Amino acid sequence: MPDPAFEATRVAFEALPEAERKAVQDALVWTGDFNAVVSGAFGRRTFDALTAYRTRAGGADPLEPRGRAALLAAGAAAKAAARFRVAVDPASGAAIGVPERLLSKRTALPAGTRWQSADGRVTLESRAIPPGGETVDGLFDQLTVPLPTRKVTYKLRRPDSLVVTAETGTGLSYVRYDAGPQGVRGFLIGYDRALAAEVGRLVIAVANAFEPFPTAAALGPAKVAADPPPGAAAAVPPTGAAGAEAGTGLAIAPGRALTAASVLEGCPAPRVGTAPARLIATDPAGLALLEAAGIPAPIRVPVRTDAVAAEEVLIALAPGSDGVLAAPATAVAGGVIAPLQPGSAGAPVLDRSGRLVGLVARYPAAVRRVAGIVPPARLALVPAQAVAAFLAGQGVAEAKPIPNSGPGAVAQAIVGISCR
């Protein structure tokens with residue numbers, strides 16, 4: 001007898017465009033709920049992952065527009081925290097994703113590159129074998145031959161590829177090779193068994209990002225560029241995304257949005273979505289409070305009271321043409337360095353646990369673009385303490401910590417502010 005919940009989820013998932021289905025699966029990898037190939041196809045693993053995430057998110061449906069935006073933002077936050085960068089490895093010619101926060105050591109090899117953790121307990125290597133060298137068949141035989149010190153836990157052999165996982169007394173490994181006209185290319189990951197909970201999802205992410213014989217068309221600019229454009233797009237445009245954005249707002253009370261005062265400079269008639277907005281209050285720290293109809297359900301973000309460490313990884317949330325963008329940010333004195341695009345003044349900047357660090361105080365009037373994208377720039381913040389004081393003065397109650405929340409929970413409260 002068909003499972004009604006499974007079938008309902010399948011129908012909702014398959015109604016999404018393929019790119020959005022893959023984006024959902026990729027985000028679930030980064031939230032630690034999905035451990036399979038990001039293919040856009042629905043199956044039991046996708047159903048279980050969606051169910052697990054929904055339970056942790058308090059019942060919010062990750063296939064509904066707002067819930068999906070929150071899921072994508074949560075995945076982007078985890079990816080940014082890992083400093084996961086996908087680029088073509090010049091030594092092997094393959095495109096490979098590297099969690100650079102963990103794998104901080106890089107060494108050139110004769111036919112590839114080695115990345116290692118500082119303590120040497122995790123190693124990632126790319127490898128390239130020229131035509132006429134070892135074949136996938138030969139490699140598969142080597143990797144699966146019985147050894148007293150190694151137990152093969154999974155093996156997959158296809159005409160032009162292989163995947164083999166194994167374990168030893170203290171370690172785990174994942175190996176993949178693909179064959180093509182340019183030879184055989186692949187990668188291997190080895191790591192301490194004690195790190196399985198932390199490294200497991202990174203292995204899946206590396207495997208899903210791997211392109212043995214990449215082309216510019218297949219990779220897109222995010223994988224070819226030395227500095228990829230920011231964030232992961234949400235599935236639906238945020239409020240106000242229909243036109244050019246003057247700035248970003250955060251819904252913090254019914255019908256009210258917080259933003260940076262700079263957003264309203266030279267803007268006598270601001271709008272949130274299609275609704276006219278009324279300025280309620282401003283603050284010398286550089287904050288403004290707007291009132292408008294149709295603002296989504298508010299969220300009060302807990303304020304971070306302890307100091308932010310230099311170069312700490314943070315997350316900025318702002319509206320983009322395709323939805324809410326979660327951009328990685330690096331803490332610097334008085335602000336952040338982040339690849340935010342125009343319309344990001346007022347964007348909330350959060351730490352990994354979802355606490356507010358500050359709002360982007362101002363966005364440059366004239367910016368330098370590279371291939372249409374604004375590269376990372378230093379941006380000042382209105383600090384979270386000033387935000388808390390301003391809201392308290394406006395009678396907005398102080399936020400209470402939300403169990404198991406993070407940056408993704410805030411995405412649904414992001415609004416775009418335009419000037420007509």
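Hi everyone. Let me start with a term: a residue is buried under 20% relative accessible area, exposed over 50%, and partly exposed in between, using a 1.4 Å probe and protein chains only. What we have here is a predicted model, where local features need pLDDT of at least 70, side-chain atom pairs count only at pLDDT 80 or more, and totals for chains, interfaces and linings use all residues. Residues are numbered from 1 along each chain as its sequence is written, and side-chain values use heavy atoms, with hydrogens and water left out.

First, the overview. The chain holds 10 helices and 22 strands; these are DSSP runs numbered from the N terminus, with helices being H or I of at least four residues and strands E of at least two. Of the 420 residues in the chain, 49% are buried.

Now let's look at helix α2, residues 18-30. This helix has 13 residues and reaches 19 Å from its first C-alpha to its last, close to the expected 18 Å; that expectation is 1.5 Å times one less than the number of residues. Its buried residues are Arg21, Val24, Gln25, Ala27, Leu28, Val29 and Trp30. They pack against α1, α3, α4, β1 and α6, where contact means heavy atoms within 4.5 Å.

How do the axes of α2 and α3 cross? They come within 11 Å, at roughly 60°. That makes α2 oblique to α3: angles under 35 degrees count as roughly parallel, over 145 as roughly antiparallel, 65 to 115 as roughly perpendicular, and the rest as oblique. The axes are lines fitted to C-alpha atoms, for helices over the stretch in contact, with angles running from 0 to 180 degrees between N-to-C directions.

Which residues make the contact? From α2 we have Val24, Gln25 and Leu28, and from α3 there are Thr46, Ala49, Leu50 and Tyr53. Just after α2, Gly32 takes a positive phi of about 85°.

On to two loop residues. Most residues other than glycine have a negative phi. Arg83, in the loop between α4 and β1, has a positive phi near 50°.

Finally, Ala318 sits in strand β16 and counts as buried at 3% relative accessibility. Its C-alpha lies 9.3 Å from that of Val349, 31 residues apart along the chain.
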